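Hi everyone, thanks for coming. Please have a look at the chain on the screen, and I'll walk you through it.

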Amino acid sequence: MPTFFIEQFGCRATQADGAALERQLLDRGCTAAAKPAAADIVVINTCTVTASADAQAREAIRKLHAANPAVHLIVTGCYAQRAPEELAALPGVSWVVGNSHKPQIPQLIDALSTAAPSARSGDPASDFFPAAALHSASTAPFHSFVGAQHAAPHLSKILSGDIFEQRTLLSAPVLGGEANHTRPTLKIQDGCDSRCSYCVIPFVRGKSRSLPPGTVIQEIQRLAESGYREIVLSGINLGTYGRDLSPRVEFEDLLRRILDEPAVERLRISSIEPLDVTRDLVDLFASSERIAQHFHMPLQSASDRILAAMHRWYRAEHYARRVELIHERLPNAAIGADVITGFPGESEDDHAATLSFIERLPFTYLHVFSFSKRPGTKATTLANEVPGATIKRRARELRALTEKKSAAFRQSQLGRTLQVLTLRRGDPAEGLEMDTTPALSSNYLKVRVNGNHPANNLLDVLISAETGTALEGQPILSCSACSASLR
């Protein structure tokens with residue numbers, strides 16, 4: 001069986017897709033390579049949320065092909081769904097597989113691995129199998145194949161089609177994680193029914209669709225029984241979970257069902273839209289220490305004029321009330337946001353309004369994005385583009401502000417006891433001392449725990465100092481641990 005490597009880009013949902021693929025390939029007997037150079041096949045799982053993300057994927061493809069011209073490159077993900085022909089034309093690409101056909105990648109790899117050695121000896125860009133060859137063995141619906149009728153040779157290596165009615169991305173467990181899978185991700189929702197004027201994701205992910213609650217509970221139980229201590233729930237528009245199901249299921253009710261499972265030690269949710277952060281949801285978070293005190297709510301702008309142009313469904317004060325509610329009920333919770341700077345027509349007054357808004361509210365971190373035109377979105381037709389130099393300056397100002405807010409939040413945690421999850425030690429370049437262990441707190445802070453501790457342990461840690469962008473802490477031994485150490 002072939003060896004494979006998955007090169008990951010993008011959001012948690014994309015990472016969960018990649019982890020699901022990894023699990024499927026391992027179950028089929030394939031071997032995961034430690035690095036791309038050691039793999040027979042490299043899957044590049046792409047993002048297309050910005051032009052920069054597209055460029056990053058293309059650069060990765062070129063480098064992988066240059067380093068090993070014999071490797072088969074399979075490009076998938078959101079960029080592959082949006083612009084398959086563009087990717088198929090790159091040297092070294094064997095196949096381009098859109099989100100609509102991502103579940104068929106294991107079959108495609110089977111086909112590649114069983115090809116005659118002579119057929120695999122040349123330029124992998126010319127070694128491909130007709131898309132229709134996979135149809136008879138497929139268990140997932142195929143809506144269309146692109147390229148079989150075209151003369152250009154690179155087009156016959158594209159698997160792509162309509163995804164708007166597909167559930168195949170949610171038909172198998174979609175598990176993944178960070179820090180070598182210490183914190184697995186369970187994707188319970190995919191797609192989006194909103195049409196923000198700058199966002200291409202609904203066009204490449206399709207309509208909102210949800211895993212049935214029974215499947216979610218089953219996967220949660222399996223992960224807990226496998227020994228995972230923290231599980232992250234993710235989705236493209238997580239707060240809309242269950243609205244497509246019959247009968248309809250509310251996201252808060254799903255969380256309550258999960259918390260009824262005693263094996264789940266810590267649950268974290270990924271990004272959620274501000275209007276889906278209700279008082280009942282915040283109260284649920286406040287009622288249980290088993291839900292990580294962490295809210296990530298996309299803001300994008302604090303100018304009502306720009307929010308309207310973005311087709312966002314709230315105004316600045318609606319958002320502010322959610323932040324204030326969270327901070328009132330959970331004063332030590334992490335509150336993060338995405339912010340887009342340089343949206344067409346954004347004035348200095350609009351930018352100043354966003355800065356002032358962020359300054360006055362208890363944000364703990366920001367993800368700052370420069371506006372990027374995405375093909376097919378309404379924002380590409382808007383006039384009054386903001387000059388690139390102005391966008392860069394505004395982004396620098398926003399990042400400087402988030403560094404200030406993050407530092408203040410870390411300072412506020414000195415002397416507190418935080419529950420942290422220990423992570424696997426990564427690259428030595430991280431600068432960790434040999435006698436410290438990386439960890440993540442419930443309220444999303446990096447912590448260096450004194451002593452060497454195995455990954456995937458939940459510890460109570462007394463925070464004593466700040467070093468760079470991390471906190472330092474000393475584990476607090478339980479009474480049973482103290483008794484054991486005295487024997």
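How many bridges join strand E17 to strand E19, and how do the two strands run? Three bridges join them, and the strands, E17 at residues 446-450 and E19 at residues 470-475, run parallel. When I say strand or helix, I mean DSSP runs numbered from the N terminus, with at least two residues of type E for a strand and at least four of type H or I for a helix. Two strands pair if DSSP finds at least two bridges between them. Within this pair, Val-449 has Gly-473 in E19 as its bridge partner.

Before I go on, a word on what you are looking at. This is a predicted model, where local features need pLDDT of at least 70 and side-chain atom pairs count only at pLDDT 80 or more, while totals for chains, interfaces and linings use all residues. Residues are numbered from 1 along each chain as its sequence is written, and side-chain values use heavy atoms, with hydrogens and water left out.

Back to those strands. They belong to a closed barrel of five strands, in the order E15-E16-E17-E19-E18, with mixed pairing. On average, neighbouring strands of this sheet are turned by 55 degrees against each other, direction ignored. Axes here are lines fitted to C-alpha atoms, for helices over the stretch in contact, and angles run from 0 to 180 degrees between N-to-C directions.

Now the whole chain. Its secondary structure comes to 14 helices and 19 strands. Of the 487 residues, 53% count as buried; buried means under 20% relative accessible area, exposed means over 50%, and partly exposed is in between, using a 1.4 Å probe and protein chains only. Taking contacts with a separation of 6 or more, 72% are between residues 24 or more positions apart, where contact means heavy atoms within 4.5 Å.

Let's turn to charged pairs. A salt bridge here is a side-chain nitrogen of Lys or Arg within 4 Å of a carboxyl oxygen of Asp or Glu, and a search of the whole structure finds 32 of them. One is between Asp-17 and Arg-205, with the closest N and O atoms 2.8 Å apart. That pair links distant parts of the chain, as Asp-17 sits in helix H1 (residues 12-27) and Arg-205 in helix H6, 188 residues apart. Both Asp-17 and Arg-205 are buried. They also take part in a network of salt bridges that links Asp-17, Lys-102, Lys-187, Asp-190, Arg-205 and Arg-209.

Another salt bridge joins the side chains of Arg-268 and Glu-230, at 2.8 Å from N to O. Arg-268 is in strand E11 (residues 266-269) and Glu-230 in strand E10 (residues 230-235), so this pair ties together parts 38 residues apart in sequence. Buried or exposed? Arg-268 is buried, with a relative accessible area of 2%, and Glu-230 is buried too, at 0%.

Asp-283 lies in helix H9 (residues 279-287) and Arg-329 in helix H11 (residues 316-329), so the pair ties together parts 46 residues apart in sequence. Here Asp-283 counts as partly exposed at 26% relative accessibility, and Arg-329 is partly exposed at 35%.

Next, Thr-182. You'll find it in the loop between strand E7 (175-178) and E8, buried with a relative accessible area of 1%. Its side chain makes a polar contact with the side chain of Arg-424, at 3.3 Å. A polar contact is a pair of N or O atoms within 3.5 Å; within protein, one must be able to donate a hydrogen and the other to accept it, and residues adjacent in sequence count only if both atoms are side-chain atoms.

Last, the cysteines. Which residue holds the closest cysteine sulfur to that of Cys-47? It is Cys-11, but at 6.3 Å the sulfurs are too far apart for a bond. A disulfide here is a pair of cysteine sulfur atoms within 2.5 Å, and by this rule the count is zero. Cys-192 is likewise in no disulfide, with the nearest cysteine sulfur, that of Cys-196, 6.5 Å away.
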